[in-house]
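User: Please take a close look at one part of the structure shown here, beginning with the charged side chains. How does that part sit within its surroundings?

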Amino acid sequence: MGVNVNLFEAYADRAVLTVSEAARWGGICRTKLYGEIGAGRLRPTKIGRKTVFRKEDLLTWRDGLPCGTVRADG
């Protein structure tokens with residue numbers, strides 16, 4: 001899974017990212033992001049009614065993702 005570093009740099013002045021921004025940065029859809037929350041792998045924060053993610057939590061989540069391997073068929 002490739003993480004879009006340029007998007008993260010675009011949000012450099014922000015302490016938190018919204019659900020849509022975090023999904024875009026992670027290269028996943030919002031549904032998958034909510035699945036990661038449900039599985040306990042990612043912890044959101046609430047600001048009023050808005051769900052956001054601290055950048056530190058997103059980096060910890062990213063660093064915990066399994067590395068992909070390429071398998072040669074044949």
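**Salt bridges and their setting**

Analyst: Asp63 and Arg62 form a salt bridge, with 3.1 Å between their closest N and O atoms; the term denotes a side-chain nitrogen of Lys or Arg within 4 Å of a carboxyl oxygen of Asp or Glu. The model is predicted, so local features need pLDDT of at least 70 and side-chain atom pairs count only at pLDDT 80 or more, whereas totals for chains, interfaces and linings use all residues. Residues are numbered from 1 along each chain as its sequence is written, and side-chain values use heavy atoms, with hydrogens and water left out.

Asp63 counts as exposed at 57% relative accessibility, while Arg62 is partly exposed at 30%. Here buried means under 20% relative accessible area, exposed means over 50%, and partly exposed lies in between, with a 1.4 Å probe and protein chains only.

The structure holds five salt bridges, and three residues, Lys32, Glu36 and Arg41, are linked in a network of them. Glu36 meets Lys32 at 3.4 Å, N to O, and meets Arg41 at 2.9 Å, N to O. Glu36 and Lys32 are four residues apart in helix 3 (residues 30–38), and are therefore separated by about one helical turn. Helices (H or I, at least four residues) and strands (E, at least two) are DSSP runs, numbered from the N terminus. In general, an α-helix has 3.6 residues a turn, so residues three or four places apart point the same way. Within this pair, Glu36 is buried, at 4% relative accessibility, whereas Lys32 is partly exposed, at 41%.

The largest nonpolar core has twelve residues: Tyr11, Leu17, Val19, Ala22, Ala23, Trp25, Ile28, Leu33, Leu42, Phe53, Leu58 and Trp61. Helix 2 and helix 4 (55–63) each supply at least two residues of this core, and helix 2 gives the most, with four. Such a core is a set of buried Ala, Val, Leu, Ile, Met, Phe, Trp, Tyr and Cys residues joined through side-chain atoms within 4.5 Å. Helix 2 (residues 19–26) is mostly covered, with six of its eight residues buried, namely Val19, Glu21, Ala22, Ala23, Trp25 and Gly26. Just after helix 2, Gly27 takes a positive phi of about 75°.

The strands form an open sheet of three in the order 1-3-2, with antiparallel pairing. Strand 1 (16–18) and strand 2 (45–47) are the edge strands, each pairing on one side only. From one strand to the next, the twist averages 45°. Strand 2 and strand 3 (residues 50–54) are joined in the antiparallel sense over three bridges, and Thr45 stands opposite Val52 in strand 3. Two strands pair if DSSP finds at least two bridges between them.

Helix 2 lies across strand 1 and strand 3, at about 95° to strand 1. Helix 4 also lies across strand 1 and strand 3, running at about 65° to strand 3. Contact means heavy atoms within 4.5 Å; axes are lines fitted to C-alpha atoms, for helices over the stretch in contact, and angles run from 0 to 180 degrees between N-to-C directions.
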